[in-house]
Amino acid sequence: IEDVLGPAGIAGGGAAPGLRLPLAAVAVKPKRPRSSRVAQTRPQPEARIPGTQTIYVKTFGCSHNQSDSEYMSGQLSAFGYAITEEPEGADLWLINTCTVKNPSQSAMTTLISKCKSANKPLVVAGCVPQGSRDLKELEGISVIGVQQIDRVVEVVEETLKGHEVRLLSRKTLPSLDLPKVRKNKFIEILPINVGCLGACTYCKTKHARGHLGSYTIESLVDRVKIVVSEGVREIWLSSEDTGAYGRDIGTNLPNLLNGIAAELPADRSTMLRIGMTNPPFILEHLKEIASVLCHPCVYSFLHVPVQSGSDAVLTAMNREYTVSEFRRVVDTLCELVPGMQIATDIICGFPGETDEDFSQTVNLVKQYLFPQVHISQFYPRPGTPAARMKKVPSVEVKKRSRELTSVFESFSPYQGMEGKVERIWITEIATDGVHLVGHTKGYIQVLVIAPDSMLGTSADVKITSVGRWSVFGEVIEGSVVAKETQKHNHSELQEEYRPSQVEEATCCGTDSCGACTCSDAAQQCNPGPERSENSTPQSCGDATHQEAVQSKLVRRNVEGAVKSSESDTAKQVGEIQRLNVAARRFPDVDTILWGGLAVSFATTVTLIALLAYKISSTPSY
């Protein structure tokens, strides 16, 4: 079954805005001859009632992809399908893919092979099928495009029947009010637009997400009202380029941000995080954006990818800004916003990058000492102009990546925070299973030992120590701000917070132009300390630093366990004493049993004696 509607749609007019195309708008795709080997391995459909099967959902890539998966899971769940994280027991696999880098697509290919080996029906969604629809690995597999996620139930149903479905045509934006199953019930990922206005020479995502398409301010504000009423504590604005928002519908990002900020609770129970933005589209709105970042309910954090410290390389990338313009963005925001935190991305070894170009990039990092720098090696993506450019030798690319990573790890951005009191918003359980993860107003990650009931709350903490990727703190008693409806037990949270639902192909998510974008995905790809990608593809940071952080977690785990066990021990002692008092009110159980046995034995002997006496006294004839 194949989507046969072109961009112009039926009779050249297309579907009306907001119209959901029916299944009748597809046609049967002629069957192609297949080899006997392929025919033998093709999954055989089972005669089962639709909506009763189990679906395994796997997500690669950025927070926008994660939001798409949450929407698809929500629709499937609403129709009756069960969503699982165990692929072996699933009736169908749904893989949401990322096309930014080679490792992410390779991970998809590996998973497809596993699915075929397991003889499972398969649906592939996301940027890979949308941007590379003729990919050999997708032959014979059902695919669904990034703007067709509202039809996922139809695709799954037909695939379970043994049909191959391909829905890739572009149409109106999916509704923001579709059913949704959040990976983290306290975090709403809100896509404000799809696509971008850029034309970066290395970007493959533009092939998938297309040109800029923005949601209206009214629809986004309405969505914010709904999620706040549902108990969401963080709203992440997600986009391929947040700064470009609204330029296609006659508005801009500051108008949207002011509209959303006006709907956030005055008690600061819900915080807003602005997503990745490229420099060109915020230069004219720097003061307005700085004003929004100063709002009490908006994190003072922004992710602004620079990609290179050399104007020559930026020109080859077609990034449409200069290094001086990037500096103006950073300098202005840091001047106007107290405690401002800037994250950035850098690509090492872009075609044509000289030693002097790379040296300028290193100097830029040394000058600003960014707390988060997401370092990526250049990956040539098929069909992009950069793939045809003369490449820097891979040995040199890895060398530069290692050098820049070493520079980044040589300084401590959080030094001096020890002893300070910070307000944090707690939304996640750390990967060690002991700490909870909170963030300051500047979105600095703070790890605290606290009960699970503090998830979804805010509290004052005293910073006790700092690490390279995060800081540690102790909750100040009496400072917790919580609502009664936000108390949850541990079993519920373990169901809600399974990190394996989303698997990043690299250390974190990616922006529309191929760089590692942890501002949109790092916190979800690892609720523990943030990480920087080193020279090895798909690496998640220096092992030495990871071991150091883990050792700290272990020590704190022991210390916290000792402290928390004192009250538990007192409760247990009291309970034992009460049980002992209750036990002393009754005779010993053994005494009762032996007494019963003695009485039974005496009764038996007496009955035997009486019976013998009666027999002996009876006259014989």
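In which loop does Asn 119 lie? Asn 119 sits between helix H3 (102-117) and strand S6 (122-126), where helices are DSSP runs of H or I with at least four residues and strands are runs of E with at least two, numbered from the N terminus. The model is predicted, so local features need pLDDT of at least 70 and side-chain atom pairs count only at pLDDT 80 or more, while totals for chains, interfaces and linings use all residues. Residues are numbered from 1 along each chain as its sequence is written, and side-chain values use heavy atoms, leaving out hydrogens and water.

Taken as a whole, the chain holds 17 helices and 21 strands. Of its 621 residues, 54% count as buried, meaning under 20% relative accessible area with a 1.4 Å probe and protein chains only (exposed is over 50%, partly exposed in between).

Most residues other than glycine have a negative phi. Asn 119 has a positive phi near 60 degrees, and is partly exposed because its relative accessibility is 39%. Gln 307 also has a positive phi, of about 70 degrees, and is found in the loop between strand S14 (301-303) and helix H10 (311-317). Gln 307 is buried, at 0% relative accessible area.

Turning to helix packing, H11 (residues 323-336) and H12 (residues 355-368) pack at about 15 degrees with axes 13 Å apart; the axes are lines fitted to C-alpha atoms over the stretch in contact, and angles run from 0 to 180 degrees between N-to-C directions. The two helices are therefore roughly parallel, a term for angles under 35 degrees. Heavy atoms within 4.5 Å define a contact, and Phe 326 of H11 and Leu 364 of H12 are among the residues that make this one.

Technical notes:
Angles under 35 degrees count as roughly parallel, over 145 as roughly antiparallel, 65 to 115 as roughly perpendicular and the rest as oblique.
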